[in-house]
Structures are given as C-alpha cells and as structure tokens.
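User: I would like to go through this model with you. Could we begin with the overall fold and then turn to individual residues?

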Amino acid sequence: MGGSYATAAFNVGAAAGPLAGAAALRAAVGPVGPLWASGCLVLVALLATFPLRGAVTAGRSGGGGMPR
C-alpha cells in the first residue's frame with residue numbers, strides 16, 4: 001500500500017510542479033519565479049513531513065546500515 005501512496009504523490013507532484021512553475025513565471029519576480037515556487041513546494045513538503053517523522057522511525061533501532 002505504501003508503494004501506491006508514493007506513486008500517487010509522485011504523479012501529483014509531476015502535475016502540480018510545472019503548473020506552479022508556469023504560474024510563477026507571470027509573478028512579479030519574473031524568470032526566477034519557478035525557483036521560488038519550487039522552494040515553497042519543498043518547504044510545504046518538509047512542514048508536512050516533520051510532524052510524522054516519529055511515526056516513520058518508530059520501528060527502527062539507532063544503528064543504520066545493512067543488517068548482519
């Protein structure tokens with residue numbers, strides 16, 4: 001089920017990103033508008049993910065790397 005959510009999120013981002021970039025081209029900042037739009041989208045993604053980081057790492061131990 002996690003793979004389907006990742007695919008859906010990827011598809012939404014692939015559709016929404018260019019639309020946001022195109023809309024930002026017409027903004028007052030001009031040609032650097034898409035850079036600002038992408039930065040804002042990254043910020044939104046980080047703000048949405050940060051509260052959930054405990055749920056993602058709950059089952060993991062501190063080590064990392066390959067299991068032995």
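Analyst: What follows covers the fold, the helix packing, and a few selected residues. Please note that this is a predicted model.

User: Understood. How many helices and strands does the protein chain have?

Analyst: The protein chain has three helices and zero strands. Read from the N terminus, the order of elements is α-α-α.

User: And what share of the residues is buried?

Analyst: Of the 68 residues in the protein chain, 7% are buried. The accessible surface of the chain is about 5800 Å², and carbon and sulfur atoms account for 73% of that surface.

User: Let us move to the packing. At what angle do the axes of H1 and H2 cross?

Analyst: The axes cross at roughly 135 degrees and come within 7 Å of each other. In general, two packed helices are described by the angle between their axes and the distance between the axes.

User: Why are H1 and H2 called oblique to each other?

Analyst: The crossing angle is roughly 135 degrees. Angles over 145 degrees count as roughly antiparallel and 65 to 115 as roughly perpendicular, so H1 and H2 are oblique to each other.

User: Is the crossing of H1 and H2 left-handed or right-handed?

Analyst: The crossing of H1 and H2 is right-handed.

User: Which residue is 9.4 Å from Gly13 in space, C-alpha to C-alpha?

Analyst: That residue is Leu41, which is 28 residues from Gly13 in sequence. Gly13 itself is placed in helix H1 and is partly exposed, with a relative accessible area of 42%.

User: Where does Ser38 lie?

Analyst: Ser38 belongs to helix H2, which spans residues 33-49. Between Ser38 and Pro18 the C-alpha to C-alpha distance is 9.4 Å, with 20 residues separating them in sequence.

User: Why is Ser38 classed as partly exposed?

Analyst: The relative accessible area of Ser38 is 36%. Partly exposed covers the range between the buried limit of 20% and the exposed limit of 50%, so Ser38 is partly exposed.

User: Changing topic to the surface: which residues form the nonpolar patch?

Analyst: The patch consists of Val29, Val32, Leu35 and Trp36, and together these residues have about 430 Å² of accessible area.

User: Where in the chain is Val32 found?

Analyst: Val32 is in the loop between helix H1, residues 2-25, and H2. With a relative accessible area of 38%, Val32 is partly exposed.

Methods
Residues numbered from 1 in each chain as written. Predicted model: local features only at pLDDT ≥ 70, side-chain atom pairs only at ≥ 80, totals over all residues. Heavy atoms only, no water. Helix = DSSP H or I, 4+ residues; strand = E, 2+ residues; numbered from the N terminus. Buried < 20%, exposed > 50% of the residue type's maximum accessible area, 1.4 Å probe, protein only. Patch = residues over 30% accessible without salt bridge, like charges linked within 9 Å, V, L, I, M, F, W, Y side chains within 5 Å. Areas by Shrake-Rupley, 256 points an atom, 1.4 Å probe, with all protein chains shown as cover. Salt bridge = Lys/Arg side-chain N within 4 Å of Asp/Glu carboxyl O. Axes fitted to C-alpha atoms, helices over the stretch in contact; angles between N-to-C directions. Parallel < 35°, antiparallel > 145°, perpendicular 65-115°, else oblique. Left-handed = near helix turned anticlockwise from the far one by under 90°.
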